[in-house]
Amino acid sequence: MATMQHRSSFVTLVALLVAILFVDPASSTSRKTLKHHTASSHSHPNGFRVTLRHVDSGKNLTKLERVQHGMKRGKSRLQKLNAMVLAASTQDSSQLEAPIHAGNGEYLMELSIGTPPEAYPAVLDTGSDLIWTQCKPCTQCYKQPTPIFDPKKSSSFSKVSCGSDLCSALPSSTCSDGCQYVYSYGDYSVTQGVLATETFTFGDSGNQVSVYNIGFGCGEDNEGDGFEQASGLVGLGRGPLSLVSQLKEPKFSYCLTSMDDSKTSLLLLGSLASVNGTQAAVTTPLLKNPIQPSFYYLSLEGISVGDTRLSIEKSTFDLGEDGSGGVIIDSGTTISYIEQKAFDALKKEFISQTQLPVDKSGSTGLDVCFTLPSGSSQVEIPKLVFHFKGGDLELPAENYMIGDSNLGVACLAMGASNGMSIFGNVQQQNILVNHDLEEETISFIPTSCDQL
């Protein structure tokens, strides 16, 4: 197993003869399990847990390969997210058939729909709101891993009327045999069909919870490349159509295991998501962008490499009055992307403090890579700290350095953006990320996610 030590401003990575550099979660004294926060809450009717799995789980890939796959899947997501904000800020939607949302994602959640319940693996997306699945009769449907949902076989299916609050919450709708919707995503994927309500069942077989009258899109025409591994999508954004809003539970948490781990990750909803009294928590205010109200914006104030706080303008990560800029946290983006000037400063300082040759081959697709010394069992890399309003989050080494001994490289799992910055899911590994929409905060708690 690999170990991690703090040596002044450095973290030591020990690379054994494996394809991936990683850090044993149990070796970091800052990591704590949260079993005592959840054990007493299992019987609470409003709290439940949902299993998550990475879209590449079960595939024989190194961690670097998983990151590369994720970057390829999401290569247009950052540009589209920025374009969405800009389009909305200029209020020129005349060229858009329907508002565009984030869509796609890197994690799938397991749930069931209908009476009797039908299994329904769905993309988890914190960047959009609508819940939907493909429905019969399909005028156009993509190939999905489970049978297409047939509303006629469910006794709890009910179309939503055009005058309902759910229908009026849709960004684009028409009235024809119920409330018809069109929902477009950032990669030009689209779902359209009828808005309905159904019974959704969550949780493992021993602890299942059914929730009635959840509004969802029954998609009869669905196109796009990003959904084939799922039978639809569950939006966890801040808008009225999202699962979180419809459950009327102001808290949810997720805990993502290491990307190269075969263990499943976890989504906690309702009372189970409470993390009150956790000393290790870093809690920061959630900001809201009126232009894109579904996104979760963080209060990031700066970044340190080792003991050096990067010299970047304080306003670099601010959310502009026109809705531009800012930092969102996103489960559907693999690596973090930070504003270009800040990334340039981070790259320069990281290279300066890392006593390894820079790999300039460009073979990995990541911007900052180093050549690993042959035969060496350990390397030192600088600590990386994100300074949020309310506290400093020091990332575990495996949350920002991806090593591959086959290629002989170790790379920084971050990139540059223009405008909006994104805190990606590699940086969120083995951290319980708690969203409190009542207090309008996000808390980060170092956690061994596979022990929750």
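With the bonded cysteines of the chain numbered in sequence order, what is the pairing? In this predicted model, the pairing is 1-8, 2-3, 4-6, 5-7, 9-12, 10-11. The structure holds six disulfides.

One of them joins C138 to C141, with the sulfur atoms 1.6 Å apart. C138 is partly exposed, at 31% relative accessibility. C141 is also partly exposed, at 26%.

The link is left-handed, with -70 degrees about the S-S bond.

C369 and C411 form another disulfide, with 2.1 Å between the sulfur atoms. Its S-S torsion is about 105 degrees, so this disulfide is right-handed. C369 lies in strand 22 (residues 368-371) and C411 in strand 27 (residues 409-412), so parts 42 residues apart in sequence are tied together. C369 is buried at 2% relative accessible area, and C411 is buried at 0%.

An open antiparallel sheet is formed by four strands in the order 19-18-24-25. Strand 19 (308-309) and strand 25 (391-394) are its edges, each pairing on one side only. Four antiparallel bridges connect strand 24 (residues 384-388) and strand 25. Here F386 stands opposite L393. Helix 6 (residues 340-353) lies across strands 18, 19 and 24, at about 25 degrees to strand 18.

Q429 sits in the loop between strand 29 (421-423) and strand 30 (431-436). Q429 is buried, with 0% relative accessible area. A polar atom of its side chain lies 3.2 Å from the backbone oxygen of V426. Beyond its neighbours within four places in sequence, Q429 contacts residues including K63, L256 and E398.

How values were computed. Residues are numbered from 1 along each chain as its sequence is written. This is a predicted model: local features need pLDDT of at least 70, side-chain atom pairs count only at pLDDT 80 or more; totals for chains, interfaces and linings use all residues. Side-chain values use heavy atoms; hydrogens and water are left out. Helices (H or I, at least four residues) and strands (E, at least two) are DSSP runs, numbered from the N terminus. Buried means under 20% relative accessible area, exposed over 50%, partly exposed in between (1.4 Å probe, protein chains only). A polar contact is a pair of N or O atoms within 3.5 Å; within protein, one must be able to donate a hydrogen and the other to accept it, and residues adjacent in sequence count only if both atoms are side-chain atoms. Contact means heavy atoms within 4.5 Å. Two strands pair if DSSP finds at least two bridges between them. Axes are lines fitted to C-alpha atoms, for helices over the stretch in contact, and angles run from 0 to 180 degrees between N-to-C directions. A disulfide is a pair of cysteine sulfur atoms within 2.5 Å.
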